[in-house]
Amino acid sequence: MGTSFNEKFDQHGTWRREFALRLKLLAEWMKDHELLDSAVEERLRRLETRVRTDKVMVAFVAEFSRGKSELINAIFFAGYGRRIMPASAGRTTMCPTEMGYDADVPPCLRLLPIETRMQPQSLMEWRMVPEKWTRIDLDVNDPKQLSVALEKVAETRRVTQDEARALGFWQREAPEDNPMVDAQGLVEVPKWRHALINIAHPLLKQGLVILDTPGLNAIGAEPELTVSLIPQAHAVVFILGADTGVTKSDLSIWREHLINDADDTNSRLVVLNKIDTLWDALSSPAQIQQQIERQRASTAEILGIPKHQVIPVSAQKGLVAKVTDDPELLELSCLPALEDALSQGIMGERQKLLAAAVASGISDLRAETGRVINIRRRDLTEQMMELKGLQGKNIAVIKNMRSRISQEQAEFDLGGAKIHAVRSVHLKLLREVFSLLGPTALKKEMAELTKVLHQKGLKLGVKRAYGQTFDRLRESLRQVQSISGEIQSMLAATFRQLNAEHGFSLQAPTEPSMTGYLHDLDLVERSHLQYLGIGNAFRLAQPEFSDRLVRALSTRLRVIHETALGDIELWSKSAAAQLDAQLRERRRNFGRRLEAIDRIQQAAGGLEDRIGEIQAQANALHQVDSKLLELTDYLVTAAEPVRPRAVPASELV
């Protein structure tokens, strides 16, 4: 049995904190040695932010009464010695519930009233308006108070059928999906639209985010949940009943909301919960196991996934076993097998991705900084040769040397006009990129899509409208790639010329690829097109529902565009900073050479003293270069899943 999910996540969190500290110390060391230009500083800041704030979202999805909340209790909250999430019989989680940790917010439960569905704002926008949420403070040291407070996520209210329809819970055209009507003609709907739980649980503090979702009817009524939150989860745990297998509503959730890409199944775990209902005193353990295995095989075949991704579990027995410290019952519950799958699958893949990003970032950082060190080394070598050439020469020769350096400096300064012209063209092309991916362009696209969705009647052409919108979005990214290529060619040609004229070592950084963002667009499009099936045709006929759908889409697209622009901005800054660094070093070099000549003219021993100083500077620079390689090598190695011996922080200075 491998490391449990809790233990693996705790290790991941410890690694993230230590690594972020190492990056911060590296930045301070580089600043002390004048190696921290704006691009390198930005690269380090982004790496540190990504490592420190990296979140891992695990979404738990199931139809009602599958034991989803009990499974969350068993995996994450057994340490409290009782149930924390409401998990009684019947419907418990009535609204989507996110559990995470924000150090800037006190422990609390925030609840968004269901009535906000009648307004056009997206969930992301409502998050920015905390006063619209009902807030309940939580005492994390009092499990009973915590448990009682969290029962509010199960609260409901009764409304008329017209109100239920306006809220998205009633469709005259699909009566089989509607909730029951009571004697007064009222129907039960959730009291809250969304819940946010902020508590300092050890795993949540490490960056885990748990998304607990309600059943099919509630999922379908909240487009942002289906097209944004669940697709962006790093893993989805889909819970079924071992006693019922895959029901019709289970299959609807799986097909309509969980699978929109062939690769999606790799991040999906299917849990056959409640295997304890199959424990029969009249059957032998072998017969019970055979029954469970048949159910696993049948489930895997129906859902189209490998059998090893279907894990039988008894969440209730697993929770009891943990609370009562009963290892035999825990083993029978099969909960450790699920935790092992979570730790090896989710955490293993997450750390690999993060490690790859870190290794790439550190490699780029080392290359940029290495160029600055090489410039300094070359300048010192040139100064040394220049000064050694003056040994034994008379005053006239030394005076002539000073005149030649001054002339070189003047010619170098005249080249500034050419550099300024290149920068003007560079900025002009960048403005074109920002106009293509900026908020104005996105708002225009969303306005066009909204116009189509607001047409009266069934939106039979809505898929075509979506397809055309995404085609234009993809074309914008391709134009950005083309403009980036144009900038890259211009920079490469200019850098080659400057290298030839001034002995620089400029190298145009590799342009950012838009391929990943095109893939992200494809995934977003598939999740939306899947949602536009005939099952939601009647919902789409409601303008307020269409508005929520477009706002959810806009939120995801804005993230893609902003991230792409961030990559473009960092690339541009890297090129500009590299040029600035070499210009700055060359100007410093001219100053040092003139200063050396002046000192030689003023004192007989000045030449030998200056040669000795340059040799000492060269030795110190060699030590800086060695230390940079040591520090960055450690960071790259530390990013690997198997970490080496920790280096004391004192060794960083």
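## Exercises on a predicted model

At 65% relative accessibility, Asp325 counts as exposed. Keep that residue in mind, and remember that you're working with a predicted model.

**Exercise 1.** Work out where Asp325 sits and what its phi is like.

*Solution.* 
- Start with the place: Asp325 is in the loop between α12 and α13 (327–333).
- Now the backbone: its phi is positive, about 55°, although Asp325 is not a glycine.
- Then the surface: exposed means over 50% relative accessible area, and Asp325 has 65%, so it counts as exposed.

**Exercise 2.** Find which residues of α12 are buried, and explain why they line one face of the helix.

*Solution.* 
- Helix α12 covers residues 315–324, and its buried residues are Ala315, Gly318, Leu319 and Ala321.
- Look down the axis of α12: these buried residues fall within an arc of 160°, so they line one face of the helix.
- Just after α12 you run into Asp325 again, with its positive phi of about 55°.

**Exercise 3.** Describe how α17 and α18 pack.

*Solution.* 
- First, know what to look for: two packed helices are described by the angle between their axes and the distance between the axes.
- Read off both values: α17 (residues 439–453) and α18 (residues 462–502) pack at about 170°, with axes 10 Å apart.
- Angles over 145 degrees count as roughly antiparallel, so α17 is roughly antiparallel to α18.
- Next, see who meets whom. On the α17 side the residues include Leu442, Met446 and Leu449, and on the α18 side they include Val462, Tyr466 and Arg472.
- Sort the contact by class: it has 9 nonpolar, 1 polar and 3 charged residues.

**Exercise 4.** Zoom out and sum up the whole protein chain.

*Solution.* 
- Count the elements: there are 22 helices and 11 strands.
- Check burial: 50% of the 653 residues are buried.
- Check the surface: the accessible area is about 29900 Å², and carbon and sulfur atoms account for 53% of it.
- Finish with contacts: of those with a separation of 6 or more, 81% link residues 24 or more positions apart.

Definitions and conventions: Residues are numbered from 1 along each chain as its sequence is written. This is a predicted model: local features need pLDDT of at least 70, side-chain atom pairs count only at pLDDT 80 or more; totals for chains, interfaces and linings use all residues. Side-chain values use heavy atoms; hydrogens and water are left out. Buried means under 20% relative accessible area, exposed over 50%, partly exposed in between (1.4 Å probe, protein chains only). Helices (H or I, at least four residues) and strands (E, at least two) are DSSP runs, numbered from the N terminus. The arc is that of the directions from the helix axis to the C-beta atoms. Contact means heavy atoms within 4.5 Å. Accessible areas come from the Shrake-Rupley method with a 1.4 Å probe; for residues, only the protein chains shown count as cover. Axes are lines fitted to C-alpha atoms, for helices over the stretch in contact, and angles run from 0 to 180 degrees between N-to-C directions. Angles under 35 degrees count as roughly parallel, over 145 as roughly antiparallel, 65 to 115 as roughly perpendicular and the rest as oblique. Ala, Val, Leu, Ile, Met, Phe, Trp, Tyr, Cys and Pro count as nonpolar, Asp, Glu, Lys and Arg as charged, and the others, Gly among them, as polar.
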